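Here is a short briefing for anyone meeting this model for the first time.

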Amino acid sequence: MARVVVIGATGHIGTYLVPRLVRLGHEVVAVTRGTSKPYLPDAAWSQVESITLDRDALERQGSFGSTIANLQGDVVIDNICFTLDSSRQLVEALKGTVQHFLHIGTIWTHGLSEVVPTPEDVTKRPFGDYGIQKAAIEAYLLDLARRENFPATIIHPGHIVGQGWAPLNPAGNGDIAVFETIARGDTLELPNFGMETVHHIHADDIAALLILAMTNWGASVGEAFHAVSPGAVTLRHYASAIYRYFGHEPNLAFVPWDDWKSRQSEQNAAATWEHIARSPNCSIEKGKHLLGYAPRSSLAGVEDALGWLVANGKIKA
């Protein structure tokens, strides 16, 4: 078994990943800022070595990479790297010492959907700082894997769902009130014809893919994999399914974008535009073929999150 250092261990992915690693017999070092706890309790956390680090402060000092390297992990999983400079500092310190480095990217490295389902190896034209930086990190890591045999694997999640937080809603933003509108059976307005897509993934399925990548080292090193459900969903199908989840027939109205935008908060309208402009629809054939990846559906992941939200009084249904 391996010594696994997980950076960002108590977030969406780490909540599910760390207990899985412990149950498989790995020695786990959980690196966090110390400001949050896992979304769900699990007895496995009692067997974890916890380290509190301020990544931003250590990076400014130029010592974050060496600090992680000194933890002597056989495997390092970085859940929270968002810039190329941040990645370089860590990776340069890990060269020659780590057996496997796994980086969490994003499907936003693709920018606009061109071919759907979109495979991992299409030409990428990201827009927005987040997608551009993540694409630069991916290019850097894959180049190091080819030129210097650095043992990197990149995992690109879609819209992460799971117990403990609100999923991206059928209007393409994070406003939990959309789910309450549906739960009451009230009319939900969607932009355009509701045919744009979102592509969810349960956080536990990302954890499962990370472990498959670790287990199948030879097939995963030097590769990038989408971590998404078997199929993207249109906003209208997503909304209709959630109406039925709450025991109602769909009650939808469709409004031209400019009119719809004018009825939303600036924050919600901006978030929706970011999602529907990309309308991701990503392939998982590579992960299925090389690693045996078999995630649950988008709607199954959302329903798991909604069940938790209702049970904990976050949504009034």
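Strand E8 (188-191), helix H9 (235-245) and helix H13 (298-311) are among the elements that cover the buried residues of helix H6, contact meaning heavy atoms within 4.5 Å. This is a predicted model, where local features need pLDDT of at least 70, side-chain atom pairs count only at pLDDT 80 or more, and totals for chains, interfaces and linings use all residues. Residues are numbered from 1 along each chain as its sequence is written, and side-chain values use heavy atoms, leaving out hydrogens and water.

**Helix H6**
- Six of the eight residues of H6 (residues 177-184) are buried, so the helix is largely enclosed by the rest of the structure; buried means under 20% relative accessible area with a 1.4 Å probe, protein chains only.
- Those buried residues are Val178, Phe179, Glu180, Thr181, Ile182 and Ala183.
- Gly185 follows H6 and has a positive phi, near 85°.
- Helices here are DSSP runs (H or I) of at least four residues, and strands (E) of at least two, numbered from the N terminus.

**Helix H5**
- The buried residues of H5 include Gly131, Lys134 and Tyr140.
- Their cover includes helix H4 (84-94) and strand E5 (100-104).
- Just after H5, Asn149 takes a positive phi of about 60°.

**Cavities**
- Lining the largest cavity are Ile107, Trp108, His110, Gly111, Ser113, Thr118, Arg278, Pro280 and Cys282; a cavity is a set of points on a 1 Å grid over the protein atoms alone where a 1.4 Å probe fits but cannot get out, and lining residues have an atom within 4 Å of a point.
- The second largest cavity is lined by residues including Ile7, Arg33 and Phe64.

Terms used. Buried means under 20% relative accessible area, exposed over 50%, partly exposed in between (1.4 Å probe, protein chains only). On a 1 Å grid over the protein atoms alone, a cavity is a set of points where a 1.4 Å probe fits but cannot get out, and a pocket is an open set with protein on both sides within 12 Å along at least five of seven lines; lining residues have an atom within 4 Å of a point.
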